[in-house]
Amino acid sequence: MLGRPGRLEFAALLICVSASAFGQAVGMLTVADGGVVLVRGSTTYTAGQGVALQNGDMLALGPKGQVQIEFEDGAILNLTRGSRAWLLGPQSPGGEIGVALQPGWVKFTWTKAAKGRPYRYIMPLASLSAARATGVLRIGESSAEAFIESGAARLVELSRTGSPAAGRDVKGGEFAVRSAAQALAVSPRPSAEFIKAMPGYFRDDLPVFISRARTAKSEPTREHEATYAEVEPWLKAPTSIRKHLVERFRSRAKDPQFRGKLIENLAAHPEWDRILFPEKYKEGTEKAEKAQTR
Amino acid sequence: MKLIIKFNLVFLLIFAVGLTIAAYISRDLLERNARDEVLQNARIMMEAALAARTYTSNQVRPLLETQMKYEFRPQSVPAYAATEQFNDLRKKFVDYSYKEATLNPTNPRDRVNDWEGDIVTQLRQNPERAEIIGERETLTGRALYLARPIQIKSEACLPCHSTVDAAPKTMIDLYGPANGFGWKLNEIVGAQIVSVPMTLPVKRSEDTFKVFLISLTAVFAFIFVGLNLMLYYIVIWPVTKLAQVADQVSLGNLEAPGFSVKGKDEIAALAGSFERMRTSLVQAMKMLGE
């Protein structure tokens, strides 16, 4: 157990890791079809092929859009059918690289030159940890399905709040399902319905475009300050994921529209109450301080 | 027997013998050529099938490997590719066929029928035999077949055909666990059989044979008429005339009209000699009379 000073040092280390990770290019947008919205910091950009991505970036695409992210370490992530991704970066120094995902279809793979760093794909009700594995994810509002094409992965059930529960190893060829109504279950074959519904191009290996994209490097186009609607799925994500969003979007709470929406949906993200209504907490703090003085 | 009859009898005899020998040799040659042509077609088709197999194995299968993890793609199977390519070809050449006839196939359409089973059995019993060539009657006429053994020479074939557990699950989904398993390395499991119709090449050879015989007979007939005319005008007619003059002279008609033949050939020389002989005879008779 770490004592108070120890915990402070660990927190400082985490902040340093995060700070060094943020702002540094970790990958590149090598496919950007159908309009890609990028939220970096608290600003919204439109992004196209060749845009360098940083930890903390949030990507959203239209229902017919397609995005491919090729990471510097050789991992590849392809999103389609309205899916969203939030690049969380390393979860601990040298640990898994987190990517939070929202409903849609996702295929992950790696190039032969990949360093084999483990990735953790965090979905609403499950998280999947994999290194040098290829698989397809179908993420729903209250379900997550994973088919591991090759390699191996570990799937961990998550509660509504994002707390990890039981986990299971899934090997190549196996299919795992987790839904609100069903605990994690693994079967030897994907369901016919899953295969039928899957985007056709997911049946093939994902092509690698990074060298082409590097030659056509581009910058994202600044559009406006992020609106509530653009970050709503993340603001309402499980607590374990969204915990740092208050700091990130604190400045946006001054925007009347953003603030209005925050208040309207406060039940989904109660941590904003302290930002929106600081006076409530000020009284409590003053009382506590007076009590201490006595 | 007249000279012309003797000549014609000999000529016809030679013609008959010549025609028979020519017919025998040419018919045999044409039939052999027709069969060789059919066999060559069969070999080309067999090689085309092998090329389709190799292409599928080397280039198509790797591209479909990922897809096969979701759904089995028969297009990745060399035998399927070769058969499908031929099925397309058969839309234009209906009497041609190609089959990878197998005793225990994964795809039921490749299962051997009775005569194919006999071929596979022969190949299994004689593993050193590279191919079997034969002919058989079909509904559309005689056909030549060329069969080569399908031998499991690579261990790469075994994952799909050794045991159900080792086979890709997607393949079991499509074809079930009952067929196409238990194959062993180096075992002959079937035969590639190309069947090519012989009707057309045989008919073509028969037509050629007929044309050849008719042409040969026509040439003989032309020569026959020509030789007869030449024989008559060059030999028979002058000799007959000479004989008539000789008859009259021999009967005492020394004033019989002479017979002269232009030219310097043997008949002209004979006519000249005869005329000199008659002139000598007439003078001798006159001297006797005086």
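Chain B is divided into domain 1 (36-197) and domain 2 (207-289); the bounds come from an automatic or database domain assignment. The C-alpha centres of these two domains of chain B lie 78 Å apart. The model is predicted: local features need pLDDT of at least 70, side-chain atom pairs count only at pLDDT 80 or more, and totals for chains, interfaces and linings use all residues. Residues are numbered from 1 along each chain as its sequence is written, while chains are lettered from A and ligands numbered from 1 in the order in which they are written.

The C-alpha trace of chain B spans about 135 × 35 × 30 Å along its principal axes. Its radius of gyration, taken over C-alpha atoms, is 39 Å, whereas a compact globule of 290 residues would have a value near 19 Å. The globule rule is 2.2 Å times the number of residues to the power 0.38. Of the 290 residues in chain B, 21% count as buried. A residue is buried if 20 or more other C-beta atoms, placed from the backbone, lie within 10 Å of its own.

Chain B holds seven helices and four strands. Helices (H or I, at least four residues) and strands (E, at least two) are DSSP runs, numbered from the N terminus. Along the sequence of chain B, the pattern reads α-α-β-α-β-β-α-α-β-α-α. Two residues are in contact if their C-beta atoms, placed from the backbone, lie within 7 Å. Of the contacts in chain B between residues at least 6 apart in sequence, 67% join residues at least 24 apart.

Six residues of chain B are in contact with nine residues of chain A. The chain B side comprises one nonpolar, two polar and three charged residues.

Chain A contains an open sheet of nine strands, in the order 4-1-6-7-10-13-14-17-18, with antiparallel pairing. Two strands pair if DSSP finds at least two bridges between them. Strand 4 (52-54) and strand 18 (182-187) of chain A are the edge strands, each pairing on one side only. Within chain A, strand 14 (residues 143-150) and strand 17 (residues 175-179) pair in the antiparallel sense over five bridges. E145(A) has V177(A) in strand 17 as its bridge partner.

An open sheet of ten strands in chain A has mixed pairing and the order 16-15-12-11-9-8-5-2-3-19. Strand 16 (164-171) and strand 19 (221-225) of chain A stand at its edges; each has a single partner strand, so one side of each is left without a neighbour in the sheet. Strand 11 (residues 119-122) and strand 12 (residues 126-130) of chain A form an antiparallel pair over four bridges. There, Y119(A) has A130(A) of strand 12 as bridge partner.

How values were computed. A residue is buried if 20 or more other C-beta atoms lie within 10 Å of its own, exposed if 12 or fewer, and partly exposed in between; C-beta atoms are placed from the backbone. Ala, Val, Leu, Ile, Met, Phe, Trp, Tyr, Cys and Pro count as nonpolar, Asp, Glu, Lys and Arg as charged, and the others, Gly among them, as polar.
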